[in-house]
Amino acid sequence: METKTIKTIQKLSKLGKVLCTIVFIFSLIGAIGCAVGIVSLAVIPDGFSLNGVTIHGLIEKSGKVSLGTCYAAMGMGTVLCAGECVLCKFAKRYFVNELEAGTPFTYDGARELIRLGILTICIPLGTTILAALVYGIMNVVYFGNIGDVNLNNFGSVGLGITFIVVGLLCRHGSEMSDKKRKKVKNANTGN
């Protein structure tokens, strides 16, 4: 018998699965777009020219951004988007497994949610550190001719902690359900 709450949880899990797919696709497009941008700027050293105007000229004069800043931003974007792709795959796997189980109150589901919480903390922090390294390297290569970049990617820590706490609550619910089943079984068998 499904309760109204479980039906709501299942609907939210379906929504989570869809949103993970959408974010994965956009992150993949972002990572590929940044990588293609790096390659195209590197392969065409003087830039593509149209009526005497080059892409490099447009970037540096119209955009008032140095070429080094573009390289750094695209390198960092590639790293950050790739990390988001990985995290979305883990989140989608959790939602798929939760939908198959029909409830979040399973030992496997709780363990997976706790792991997702840890990954939600570690992957963004790791990609932020990697992106900062890319920025530092590009800053050295372009002799400091790179604009400032804000790498504030620490909101995921709170979300990851929330996943861990909810995972522990789901584990507790699973344990309580097992205890209740054992009591009923013992009462029925006369033990």
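At roughly what angle do the axes of helix α1 (residues 4-43) and helix α3 (residues 67-101) cross, and within what distance do they come?

Mentor: This is a predicted model, in which local features need pLDDT of at least 70 and side-chain atom pairs count only at pLDDT 80 or more, while totals for chains, interfaces and linings use all residues. Residues are numbered from 1 along each chain as its sequence is written, and side-chain values use heavy atoms, with hydrogens and water left out.

To your question: the axes of α1 and α3 cross at roughly 155° and come within 7 Å. An axis here is a line fitted to C-alpha atoms, for helices over the stretch in contact, and the angle runs from 0 to 180 degrees between N-to-C directions. Two packed helices are described by just these two values, the angle between their axes and the distance between them. The two helices are therefore roughly antiparallel to each other, a label for angles over 145 degrees, whereas under 35 is roughly parallel, 65 to 115 roughly perpendicular and the rest oblique. The crossing of α1 and α3 is left-handed, meaning that the near helix is turned anticlockwise from the far one by less than a right angle.

The contact of α1 with α3 holds 23 nonpolar, 10 polar and 6 charged residues. Nonpolar covers Ala, Val, Leu, Ile, Met, Phe, Trp, Tyr, Cys and Pro; charged covers Asp, Glu, Lys and Arg; the others, Gly among them, are polar. Take Ile22, which lies in α1. From the C-alpha of Ile22 to that of Cys88 is 9.1 Å in space, although 66 residues separate the two in sequence. Ile22 is partly exposed, at 36% relative accessible area, where buried means under 20%, exposed over 50% and partly exposed in between (1.4 Å probe, protein chains only).

Now place this pair in the whole chain, which has 5 helices and 2 strands in the order α-β-β-α-α-α-α. Helices (H or I, at least four residues) and strands (E, at least two) are DSSP runs, numbered from the N terminus. The axes of α3 and α4 come within 9 Å and cross at roughly 175°, so α3 and α4 are roughly antiparallel to each other too. Their contact has 20 nonpolar, 8 polar and 3 charged residues.

The largest nonpolar core has 12 residues, including Cys34, Leu41, Cys70, Tyr71, Ala131 and Met138. Such a core is a set of buried Ala, Val, Leu, Ile, Met, Phe, Trp, Tyr and Cys residues joined through side-chain atoms within 4.5 Å. Helices α1, α3 and α4 (107-141) each supply at least two residues of this core, and α3 gives the most, with 6. Cys70 counts as buried because its relative accessible area is 16%. In soluble globular proteins, nonpolar side chains tend to be buried together.

A search of the whole structure finds 0 disulfides, that is, pairs of cysteine sulfur atoms within 2.5 Å.
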